[in-house]
Amino acid sequence: MTVSETIASAVPGAGTDTGAGAAPDVADLGSEVLRPHAEQAFADELKALAAADDRPRPARWQLSPWAVATYLLGGTLPDGTVITPKYVGPRRIVEVAVTTLATDRALLLLGVPGTAKTWVSEHLAAAVSGDSTLLVQGTAGTPEEAIRYGWNYAKLLAHGPSRDALVPSPVMRAMSEGLTARVEELTRIPADVQDTLITILSEKTLPVPELGQEVQAVRGFNLIATANDRDRGVNDLSSALRRRFNTVVLPLPATPDAEVDIVARRVDQLGRSLDLPAVPEGVEEIRRVVTVFRELRDGITTDGRTKLKSPSGTLSTAEAISVVTGGLALSAHFGDGVLRPADVAAGILGAVVRDPAADRVVWQEYLETVVRERDGWKDFYRACREVSV
């Protein structure tokens, strides 16, 4: 048995068909699962793509790079199966991201908050490996063990360092099984913990000095990390670590129509799991929310005539989705089931006014100089004015 095989035998599911690569069986739960993993929610699409996919697949990939890109961007298969878009944006960005994962370089998805970095990361892992759950969530308190490995201290004290006492991290499991690991909010992780990834990404090995052994990554292994533009200066990546990544920047939606489409699609998905009213009846309010967010975010009205002050918050697409989802819940439980201005007004106020002093001034000025004078927005103005008092 090789050193890698020795360590792999300590990793649950390594080298088997029922380990981490197999999605948890939630068939019996049905609609009780509030948020299924991507590989569960879109299992039918992934199965149809696999059946129609006759292109070369990298080692241990569930789909070819072409099929992975189709899964994210959407399309229609020869048998008529419709693949819904998971990401609405430039096709080239997705193609570069997928191609990166087919090489020996890790992928860093970079962007401002709300640009679907986590969403894209999850769906890439689901399409490539059939498992999006090998996840390290980055925080200021993420320890080195979360990336490398830990120990079962009861077994460690009783028998000393051994294979049985080893507790593999998601990254170690991905290395042993040739899967895709994910690290969320990489720049939130302390710098010394970040650098744990350097040997993993450059040498494709993870030393276990306590056992005098190492894990060698098998073909198919790669890593997707996400980082927030707003976190620059928190725990910046070292130049050594940054060189191990191919960075892909996810932009904000280019046009209002594109952002409205993204918000409507995502809210519809969330609404179905929460038994909320259908989105189509509230498209006008979605467009208003997106317009408000884009104008305040850009510091100028859509017609280019009026310059605006921007609040301290990001006013991202993700926040617009949250505002609309909350509004749908209000309309379902305390209204007539149709999304109206009064349902989204409080959510918009909460998203815009993060700094009670400065942001409230920005919001009141925008409300009185732009919203009040806009044709067809009188009901929206009154609703916002009511919650702003």
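**Terms and their grounds**

Author: In H4, the buried residues are Ala67, Val68, Ala69, Thr70, Tyr71, Leu72 and Leu73. The model is a predicted one.

Reader: Which elements do the buried residues of H4 pack against?

Author: They pack against helix H2 (38–41), helix H3 (43–52), strand S1 (75–76), strand S2 (82–83), helix H5 (91–101) and helix H6 (117–129). Packing rests on contact, that is, heavy atoms within 4.5 Å. Just after H4, Gly74 takes a positive phi of about 90°.

Reader: Why is Ser331 called buried?

Author: The relative accessibility of Ser331 is 0%, and the limit for buried is under 20%; Ser331 therefore counts as buried. Ser331 has its place in helix H14 (residues 317–334). With neighbours within four places in sequence left aside, Ser331 is in contact with Pro277, Asp336, Gly337, Val338, Leu339 and Asp343.

Reader: Where is Ile147 found, and why does Ile147 count as buried?

Author: Ile147 is in the loop between strand S4 (135–137) and strand S5 (149–151). Its relative accessibility is 0%, so Ile147 counts as buried. Leaving aside neighbours within four places in sequence, the contacts of Ile147 are Val136, Ser169, Val171, Met172, Val193, Thr196, Leu197 and Ile200.

Reader: Why is Arg294 classed as buried?

Author: Arg294 has a relative accessible area of 10%. The limit is under 20%, so Arg294 is buried. Arg294 is found in helix H13 (residues 283–298) and touches Pro253, Ala254, Thr255, Pro256 and Glu259, not counting residues up to four places away in sequence.

Reader: Why is Ala116 called partly exposed?

Author: Partly exposed lies between the buried limit, under 20%, and the exposed limit, over 50%. Ala116 has 26% relative accessibility and therefore counts as partly exposed. Ala116 has its place in the loop between S3 and H6.

Reader: What makes the phi of Ala116 worth a remark?

Author: Most residues other than glycine have a negative phi. The phi of Ala116 is near 70°, a positive value in a residue other than glycine. Lys204 is not a glycine either, and has a positive phi of about 60°. Lys204 is found in the loop between helix H10 (196–203) and strand S8 (205–208).

Reader: How do you know that strand S3 and strand S10 pair?

Author: Two strands pair if there are at least two bridges between them. Strand S3 (residues 106–111) and strand S10 (residues 222–228) are joined by 5 bridges and run parallel. Leu107 stands opposite Ile224 in S10. H5 packs on the sheet, touching S3, S10 and S11, and its direction makes about 165° with that of S11. H6 also packs on the sheet, where it touches S3, strand S7 (180–184) and S10; the direction of H6 makes about 170° with that of S7.

Reader: What is the strand order of the open sheet, and what makes S4 and S11 its edge strands?

Author: The open sheet has 5 strands in the order S4-S7-S10-S3-S11, with parallel pairing. S4 and strand S11 (245–249) are the edge strands, as each pairs on one side only. From one strand to the next, the twist averages 20°.

Reader: How much space lies in the largest pocket, and which residues are closest to its centre?

Author: The largest pocket holds about 1,400 Å³ of space. Of its 49 lining residues, the closest to the centre are Arg35, Trp119, His123, Arg266 and Gln269. Two or more lining residues come from each of H2, H6, S10, helix H12 (256–274) and H14. H12 gives the largest share, 10 residues.

Reader: How do the lining residues of the largest pocket divide?

Author: They divide into 24 nonpolar, 15 polar and 10 charged.

Technical notes:
Residues are numbered from 1 along each chain as its sequence is written. This is a predicted model: local features need pLDDT of at least 70, side-chain atom pairs count only at pLDDT 80 or more; totals for chains, interfaces and linings use all residues. Side-chain values use heavy atoms; hydrogens and water are left out. Buried means under 20% relative accessible area, exposed over 50%, partly exposed in between (1.4 Å probe, protein chains only). Helices (H or I, at least four residues) and strands (E, at least two) are DSSP runs, numbered from the N terminus. Axes are lines fitted to C-alpha atoms, for helices over the stretch in contact, and angles run from 0 to 180 degrees between N-to-C directions. On a 1 Å grid over the protein atoms alone, a cavity is a set of points where a 1.4 Å probe fits but cannot get out, and a pocket is an open set with protein on both sides within 12 Å along at least five of seven lines; lining residues have an atom within 4 Å of a point. Grid points are joined across faces, edges and corners, and a volume is the space filled by probe spheres set on the points. Ala, Val, Leu, Ile, Met, Phe, Trp, Tyr, Cys and Pro count as nonpolar, Asp, Glu, Lys and Arg as charged, and the others, Gly among them, as polar.
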